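Dear colleague,

Please read them with the structure open beside you.

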Amino acid sequence: MFAVTATQTDPDNPLAGLTLGEHPDPEPPDGWTTVTVRAAALNHHDLWTLKGVGIRKDRLPIVLGCDAAGVDEDGNEVIVHAVIGSGGDETLDPRRSLLSEQYDGTFADRVAVPRGNLVPKPAGLSFEHAACLPTAWLTAYRMLFDKAGLQPGATVLVQGAGGGVATALIALGRAAGYRMWATSRSEAKRERAKRLGADQVFEPGARLPERVDAVMETVGQATWDHSLKSLRPGGRIVVSGATTGAVPPADLNRVFFLQLSVVGSTMGTRDQLQRLAVFLEQTGLRPEVDRVLPMSEARDGFAAMAEGDIFGKIVFTR
C-alpha cells in the first residue's frame with residue numbers, strides 16, 4: 001500500500017527523513033481491525049517525530065499520522081481515535097501511546113487500530129472535516145469544556161492563533177458563548193481569527209483591555225509571561241503543548257500571588273471524541289481547513305507546517 005513514513009530523524013532537517021512510497025499492508029492483531037483511510041490530518045506531532053521527539057530509532061521506519069476518517073471492514077464510516085490505551089481515561093494510562101509512536105499511523109491507504117478506537121462518523125461531517133477532530137479539535141474541546149472551569153460569558157485568551165488547536169479553540173469557544181480573544185504575530189492571521197469568531201485580536205504581548213478568566217496556552221516560552229500577566233486572580237491557564245520552547249519562565253511568585261491554576265491537557269477520550277462529533281453535527285460548526293492535498297503531495301504540507309505557513313488544518317486525502 002502507499003504510505004508516508006519516517007525513515008530517519010533529524011532535528012535540524014526533519015523533512016530529510018520523510019519518505020513516500022510502498023509500505024507493507026497492516027496485519028491487525030486480535031481485537032484490532034483495519035480502516036481504509038479517506039482523509040487524514042497533519043499535526044505538529046508528525047513534524048516532531050521527524051525531528052526525533054517522542055520516537056525511538058528502533059521504531060523506524062514507521063507510518064506517520066495520528067488522525068483519520070475512513071471506512072471500516074463492515075463498510076461503516078468512522079473516525080479513528082488516536083490514543084492507544086488500556087481502557088478508562090486512556091489519556092491517563094502511563095503506558096498509552098499514539099498512532100505513529102509504537103504502531104503505524106494514518107498516512108496510508110489503510111491503518112490498523114483497536115476496534116474500541118472507532119467512533120461513528122456523523123453523516124453530515126465530510127471525511128476531511130472529521131479527520132481534523134481526533135487530535136487538535138479534541139484537545140481544544142477538552143481544554144475548554146473539561147479543564148478550564150469556565151462559566152457562560154467568560155473571557156478566554158487564545159495564544160498564537162493560526163494552528164489547529166488555536167483555531168479550534170476560537171471556533172468552539174464562540175459556539176459555546178465565551179468571549180474569545182486571540183493573539184498572533186501575523187496581521188493576516190489576526191484578521192482571519194476575527195472572521196473565525198474571535199471578538200478581539202492582539203499582537204503578542206499586547207496589554208489587554210482587562211484580565212481574562214482563562215488562557216489557552218499552546219505556544220510556550222514565547223508567550224508564557226504574557227499569559228501570566230493577562231490572567232485575573234483565581235483564573236486558569238490550560239496548557240496543551242509548546243511550539244516555541246518547553247521551558248517557560250518560572251514566575252512562581254506571580255502564580256502564588258494571583259492564586260492561579262495551571263493545568264495540562266492534551267487530546268481526550270474516545271467518549272469525548274464522540275461527543276465532539278455530535279456537537280459539530282448539531283451546531284453546524286466545522287474545522288478551519290487551510291488546504292487539502294493528495295497524500296502523494298504530503299511533503300508540501302509538511303513544508304508549510306515547518307514554515308508556519310498555515311491557518312487551521314492541513315488534510316491529506318486518498
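In strand S5 (residues 68-71), Ala 68 and Gly 70 point one way while Ala 69 and Val 71 point the other way, and all are buried, where buried stands for under 20% relative accessible area, exposed for over 50% and partly exposed for values in between, with a 1.4 Å probe and protein chains only. Strands here are DSSP runs of E with at least two residues and helices are runs of H or I with at least four, both numbered from the N terminus. In a regular strand, side chains alternate between the two faces of the sheet.

Please keep in mind that this is a predicted model, in which local features need pLDDT of at least 70 and side-chain atom pairs count only at pLDDT 80 or more, while totals for chains, interfaces and linings use all residues. Residues are numbered from 1 along each chain as its sequence is written, and side-chain values use heavy atoms, with hydrogens and water left out.

Strand S3 (residues 32-41) runs antiparallel to S5 and is joined to it by three bridges, with Ala 39 standing opposite Ala 69; two strands count as paired if DSSP finds at least two bridges between them. S5 also pairs with strand S6 (residues 77-80), again in the antiparallel sense, over four bridges, and Val 71 has Glu 77 as its bridge partner in S6. S5 and S6 form a hairpin with five residues between them, and Gly 75 in the turn has a positive phi of about 85°.

Elsewhere, an open sheet of three strands has the order S2-S1-S4 with antiparallel pairing. Strand S2 (18-22) and strand S4 (62-63) stand at its edges, each with a single partner strand, so one side of each is left without a neighbour in the sheet. Five bridges join strand S1 (residues 2-6) to S2, and Val 4 has Leu 20 as its bridge partner there.

As for the aromatic rings, a search of the whole structure finds eight pairs, counting rings of Phe, Tyr and Trp (its six-membered ring) with centres within 6.5 Å, and calling planes under 30 degrees apart stacked, over 60 edge-to-face and the rest tilted. The ring centres of Phe 107 and Phe 302 are 6.3 Å apart and the planes stand at 85°, so this pair is edge-to-face. Phe 107 lies in the loop between strand S8 (97-98) and strand S9 (110-114), whereas Phe 302 lies in helix H9 (residues 298-307), 195 residues apart, and both are buried.

With kind regards
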